[in-house]
Amino acid sequence: MHLIKWLYPGLGFKRWLFVFAVGTLCVGLGAALIFNYKYIDSIEEAIFRFVYTWQGSYDYGFTAIAGGLIALLGSGLMLLATRHIIRSVITALMPEGTSARLVDLVYEKTRLSRGPAVTVIGGGHGLSVLLRGIKELTSNVTAVVTVADDGGSSGRLREELGIIPPGDLRNCLVALADTEPLMEKLFQHRFEGQSNLAGHSFGNLFLAAMAEVTGDMETALRESSKVLAVKGRVLPASKQSVRLDAILEDGTVVEGESHIPEVHGRIRRVRLYPPDVAPVPSALEAIRTADAIILGPGSLYTSIMPNLLVNGVAEELRKSRALKIYICNVMTQPGETDGYTAAMHAEAIIKHAGRGAIDFMLVNNAPISDELREKYAAEGIAPVAVDVAQINALGIGFVAADIINQSDAVRHDPDKLSRNVMRMIYDFRVS
C-alpha cells in the first residue's frame, strides 16, 4: 500500500520516475548499439527455442508478452530502487523513524502547500488554539501577533532586555510546530523556585537569546521556526516596544495591558503609546496577499486590538479583498467585555479598525452545560449572547457552529474551530 502511495496525484513523483525510465531506456538502447543487436537477437532466439520445444509451434505474441513482463519487472525494480535511494538520503538527514512514513510526509506536505493563504491576527492562548488546528489543513499560514503584553515572564524580559515580549510569539511557534513532543515540552517549560529564572519559560529565554544573536525578533522567529519545523510563519505586528492604554467610559485612562482587566471599567477605546508605531513590512504583506484574514479568537481589547492599532494594519485589512472572519469569544471576559454580546464585540473592532474590517463572524451555538454555567457565573463570566438582528445591522454575515470543547472548562476546540473556518473560506471567499 505504501508503495502504491508514491503514485498518488500531486506528489510530483511520477513525472520524475518517467524521466528516470526514459533515461534508463536511453542507456539500454545505447548499450545495444554499442554491443550490437546480436545479443538481443540471442535473447529472442532463446525465447523462440523454449516456446517451440514446449508448444511445438511459435506465435510471435509470446515475444510481446515476454517483453511486457520484462518491462514490468524493470519498472518495479526502478520504483523500488528509487524509493530506497530516497529513504537512504532521508534517513541520513532526518530524525530516526521519519523514513518509514516518508510517502505520508511528502503527500501531506504537498497537500498542505496547496491550501489557501491564511493570515491570523491576534494573541494570547486563543490564537495558538486556532493555529494548532489550522496547520493540519494548510501550511500557508501567517500569524501576526500582538507585542503589547507587559505581564509575567514576557513583561520582565521586555523591561530587562528591551525586547518585544516573546510569550505570545512563543505560543504561536509551538502551536505551528511539527516537531518532537519533547521539544514542545522544553519550549513551554517554566522554571520554578526562587532564583532569577523563576517564572520564565525556556522558550521565552530562547527567543530572547536568539534575538540578541540575530539582531532582531523577526529574524529570531524565522530561525527558530527552522528548529521547530514550523508550518507557516510567526510575525510580530511591530518590532517597537509599545504600551497599551485603555480609555474608560468615565474618561479614566488605564496604562498597561496587564492592568486593563483589573480596573473593571467599561472600555470606550484602547490606544498604543507611542501613537505612531511602525509595522513589520512582512506582516502588512501577509495581510495584503492573504486569501483569508482571521481575527481572533482571543481577548478583544488586549489581544486583537493592539495589532489593529499598529500603523497600516487596519488600512491594509480594510483594503484587502480577502475573506475577513472574526472569531467571537464564547464567554465574556471579566474587566474587559462584561455583558458584551456578539454584536458588541464586532462593533468594537469596527470602531477601532473601520468599516470593512469584518465580512463574517463565527460564533458558537453549542449549548453550555448547566454545571459549567454555574461555575463561570461565580466568577462573573457568562456565555456571549448571539444577537442576530444587531449583527445583521452592522452589515456582517455570521455562521453559528459547535466550535467548543467543554470537558472541564469552555474552550475553543482546535479541530472544530479550524474545520469551520476553512469551510467558511471555501464557501465564501471571492475567487
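The model is predicted. Strand β9 spans residues 360–364 and is mostly covered. It pairs in parallel with β8 and also with β10. Helices α8 and α10 pack at an angle of about 105°.

**Burial of β9**
- Five of the five residues in β9 are buried.
- F360, L362 and N364 point one way from the strand, whereas M361 and V363 point the other way.
- In a regular strand, side chains alternate between the two faces of the sheet.
- The residues on both sides of β9, N364 among them, are buried.

**Strand neighbours of β9**
- Strand β8 (residues 323–327) runs parallel to β9 and is joined to it by three bridges.
- Within this pairing, F360 of β9 has I325 opposite it.
- Helix α16 (residues 342–353) forms a right-handed β-α-β unit together with β8 and β9.
- Strand β10 (residues 397–401) is also parallel to β9, and five bridges join the two.
- M361 has F398 in β10 as its bridge partner.

**Packing of α8 and α10**
- The axes of α8 (residues 167–176) and α10 (residues 202–214) lie 9 Å apart, at an angle of about 105°.
- Angles of 65 to 115 degrees count as roughly perpendicular, and α8 and α10 are therefore roughly perpendicular to each other.
- From α8, the residues G167, L169, R170 and L173 take part in the contact, and they meet G203, N204 and L207 of α10.
- By type, the residues of this contact comprise three nonpolar, three polar and one charged.

How values were computed
Residues are numbered from 1 along each chain as its sequence is written. This is a predicted model: local features need pLDDT of at least 70, side-chain atom pairs count only at pLDDT 80 or more; totals for chains, interfaces and linings use all residues. Side-chain values use heavy atoms; hydrogens and water are left out. Buried means under 20% relative accessible area, exposed over 50%, partly exposed in between (1.4 Å probe, protein chains only). Helices (H or I, at least four residues) and strands (E, at least two) are DSSP runs, numbered from the N terminus. Two strands pair if DSSP finds at least two bridges between them. A crossover is right-handed if, with the strands pointing away from the viewer, the path from the first strand over the helix to the second runs clockwise. Axes are lines fitted to C-alpha atoms, for helices over the stretch in contact, and angles run from 0 to 180 degrees between N-to-C directions. Angles under 35 degrees count as roughly parallel, over 145 as roughly antiparallel, 65 to 115 as roughly perpendicular and the rest as oblique. Contact means heavy atoms within 4.5 Å. Ala, Val, Leu, Ile, Met, Phe, Trp, Tyr, Cys and Pro count as nonpolar, Asp, Glu, Lys and Arg as charged, and the others, Gly among them, as polar.
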